[in-house]
Amino acid sequence: MNYDKLLNTTLQGLKPSGIRKFFDIAAEMDEVISLSVGEPDFATPWHIRQEGIHTLEKGRTWYSPNAGLLALREAIAGYVRRHSGVEYDPKSEVLVTVGGSEAIDLAFRALLNPGDEVLIPEPSFVCYEPLTRMAGGVAVPLVTRVEDEFRLTAEAVKAAITPRTKLLVLPFPNNPTGAIMEREHLEEIAAVLRGTDIMVLSDEIYGELTYGREHVSITTLEGMQERTVLVSGFSKAFAMTGWRLGYACGPAPVMKMLTKLHQFAIMCAPSTAQYAAIEAMNNGDAAVASMRDEYNMRRRLTVDGLNKLGLTCFEPQGAFYVFPCIRSTGMTSEEFCGRLLKEKHVAVVPGNAFGESGEGFVRISYCYSVNHITEALKRIGEFLEENGLCK
């Protein structure tokens, strides 16, 4: 069999995730400290796990409606209303998905026709460009700069718009940079989009994890809710990565198409996870606040530690990543990460995994324990000193 002719040509042309590359290598080594994956080291809060356990004990293991349990959709709508003041109809404007990643995939496939252009800020999470291509779209990178605190500017958006532009991705708080968007900057972008037919995919999976300021959703701005698909989930803020549950909220005609795709590809999200998520939505705010405080302490520890080592580090205001510049070492991002892993058994992710503009940086996750972070910083310091790379 000639599998090259049988397999999807677009899929064959996609590169594997740069995040998983180093994670997989590290998994086969001894005594590795991995700061490479955005996996909270907290267990899912007990009251949420308890609800999942009770659901199993009660035998609630059947299919849910395609769009998700109505009680969960109502809880999601209530949660969004409580935190941002935006109203969604749980019956027609909310969809429960298998993780936030499925929601992103559904949005691309529901909105894009072949040749449609998607504006994607870079550096950003690894899935947007491949999923755009798989949906027949054309990814248009919008480079963000450390000089602008990795914010997306209205000028960059306006300059990139063409007659083929269909969608703008807003991945803030940002993975990998930790950048956020202030209301004033979102207002400037909204002013560019008003009067066009361009939709927005607002990926707010880290929306609960901001430090010293409240997250602002573009859906709260005049005229933007009707052109935005809001995507979020439970993995990061609620430490529920393995439960694989996310959601999308948006205009009813758009959500009808997302639900149709979900219906045929997935049918429904796991029912046990959905019952646990109802508890998270209704009673999880205190646990999220506690974890956020811990992340904030780790953030300061990591940023200060890297700056002391001479790896200058933009101060992230959201998510749980730092994005230090390693250009002073004279190495490429991949060379730095490869040698650090080989010589000191510390795994971090090269910045170019998040787009070409990420070259010269590495992503380090601080959602790990203080001991984990402290030991990793010690080993990074040794790596720099032993290779004559100290400041």
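Predicted model: local features only at pLDDT ≥ 70, side-chain atom pairs only at ≥ 80, totals over all residues.
I started with Cys 325 and found it buried, at 16% relative accessibility.

Next I checked Cys 127. I counted 0 disulfides in the structure. Cys 127 is in none, and the nearest cysteine sulfur, in Cys 367, is 17 Å away. Cys 127 also counts as buried, with 14% relative accessibility.

On to a sheet. I noted an open, antiparallel one of 3 strands, ordered E9-E12-E11. Which strands stand at the edges? They are E9 (321–322) and E11 (349–350); each has a single partner strand, so one side of each has no neighbour in the sheet. I followed E11 to E12 (residues 362–365) and found 2 bridges joining these antiparallel strands. Within that pairing, Val 349 sits opposite Arg 363.

Then I went through the cis peptide bonds I had marked. Glu 122 to Pro 123 has omega near -5°, and Pro 123 belongs to the loop between strand E3 (117–122) and helix H7 (128–134). Phe 172 and Pro 173 are also joined by a cis bond, with omega about -5°; Pro 173 is in the loop from strand E5 (165–170) to helix H9 (183–193).

Glu 149 has phi of about 60°, in the loop between strand E4 (138–143) and helix H8 (154–160), and is partly exposed at 43%. Arg 244 has phi of about 50°, lies between strands E7 (228–233) and E8 (246–249), and is partly exposed at 33%.

Methods. Residues numbered from 1 in each chain as written. Heavy atoms only, no water. Disulfide = S-S within 2.5 Å. Buried < 20%, exposed > 50% of the residue type's maximum accessible area, 1.4 Å probe, protein only. Pairing = 2+ DSSP bridges. Helix = DSSP H or I, 4+ residues; strand = E, 2+ residues; numbered from the N terminus.
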